[in-house]
Amino acid sequence: MLKLPKALLSLFALGSLALHAPAQADEPVVTLKLAHFLPAHSVTQADFLKPWSEKITEESNGRIQFQFYPSMQLGGTPPQLVDQVRDGVADIVWTLPGYTSGRFPLTAAFELPFMSRSSEASSQAMWDFLEEHGQKEFADMHLLATHLTDGALVHTTDKPIKKMADFRGLKLRAANRTATKTISLLGATPVAMPVPQVPEALSKGVVDGAVLPWDVVPALKLHELVKYHTETAPGMPALMHTALVVAMNKNTYENLPDDLKKVIDNNSGRALSREAGRIWDNQVVETGHKLAESRGNEIYVLSPEEQAKWMKATSRVSEGWIEEVEDKGYENGEALLEDARQLIEHYNAQLPR
């Protein structure tokens, strides 16, 4: 956890609602510090957060402005982003709750293996699920959106993954505890690390590959570091997804004038979650594919029969999730998991065929 002196936290609190000389005395301009762990040219900032921020600036008549801090420019490490937004170091963060092991068990339901086929559908399902069941997990921040990346796949340097036996002897980067368990059950050795560390780990041979979605390929230049990519079968669930949130400091939000709160509210929630999922379902997958193909990399697609073997081998991860949430005081983990699955199917059914 990021620990800061109280005096420094007070300075951040004073600065978090930076007031500039307003056009009219009763309409101050609020500048929000928005932090994340990827580069400024990433899909996250360029195609998701920046257009969103510009829309809010326009609808607030310029009274809400944003200052971006990509690549952890406010200091700290990616796992500390949830504490940075809670403590007011940042006003808004885009982050991966799974980096903070065990603190967001309900969110982790959407990262279970072979849970989802569509980020657009499952991002909306996650919003509804956390609205109903996950308020305790996010009690110390104000959620603006929840979304999933595109489905994770296996990227390897020297050896293609075409069947489960191919995992043996490989070290693969994992994002969180769920990914760690999944990779172990498939037969490889998981190595947990945040996304920014992946390029160096691959280039130095610390890992033989990584379980990552297509969306980080451009930002990390992953297509230049690996030769093989293994995708799940068409029409079947992805190996796993990574759950992310856009969260706001609670005091920053509550101290906004009511009309500016309304602008934020009108541009957050399920609709923003759906838009994020749509971007990750479509744009980032196409971009990642093109980059991999441009390097002559091999993209292998599992057969339904082979994928069924992977699904059977990793079924224990879901069983472990049920036990974990019940150990943390939630009643009937099996019913919670079923609710998550039903919400996903509900929004899947609304997608264009």
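These legends describe close-up views of a predicted model.

**View A. Residue H229 in strand β10.** The strand that holds H229 covers residues 228–231. H229 has a relative accessibility of 1% and therefore counts as buried. Leaving out residues up to four places away in sequence, H229 touches L153, V154 and H155, as well as W214 and A292.

View B. Helix α4 runs over residues 119–133. From the first C-alpha to the last, α4 reaches 20 Å, close to the 21 Å expected for its 15 residues at 1.5 Å a residue. The buried residues include A121, S122, A125, M126, F129 and L130. Buried residues of α4 pack against strands β5 (142–148) and β11 (243–248) and against helices α10 and α14 (333–348).

**View C. The crossing of helices α4 and α10.** Helix α10 spans residues 270–281, and its axis comes within 7 Å of the axis of α4, with a crossing angle of roughly 150 degrees. Because angles over 145 degrees count as roughly antiparallel, α4 is roughly antiparallel to α10. The crossing is right-handed.

**View D. Residues at the contact of α4 with α10.** On the α4 side, the contact involves S119, E120, S123, Q124, W127 and D128. These meet R270, S273, R274, G277, R278 and D281 of α10. By class, the contact has six charged, five polar and one nonpolar residue. The α4 residues named here, S119, E120, S123, Q124, W127 and D128, are buried.

Note on methods:
Residues numbered from 1 in each chain as written. Predicted model: local features only at pLDDT ≥ 70, side-chain atom pairs only at ≥ 80, totals over all residues. Heavy atoms only, no water. Helix = DSSP H or I, 4+ residues; strand = E, 2+ residues; numbered from the N terminus. Buried < 20%, exposed > 50% of the residue type's maximum accessible area, 1.4 Å probe, protein only. Contact = heavy atoms within 4.5 Å. Axes fitted to C-alpha atoms, helices over the stretch in contact; angles between N-to-C directions. Parallel < 35°, antiparallel > 145°, perpendicular 65-115°, else oblique. Left-handed = near helix turned anticlockwise from the far one by under 90°. Nonpolar A, V, L, I, M, F, W, Y, C, P; charged D, E, K, R; others polar. Expected span 1.5 Å × (residues − 1).
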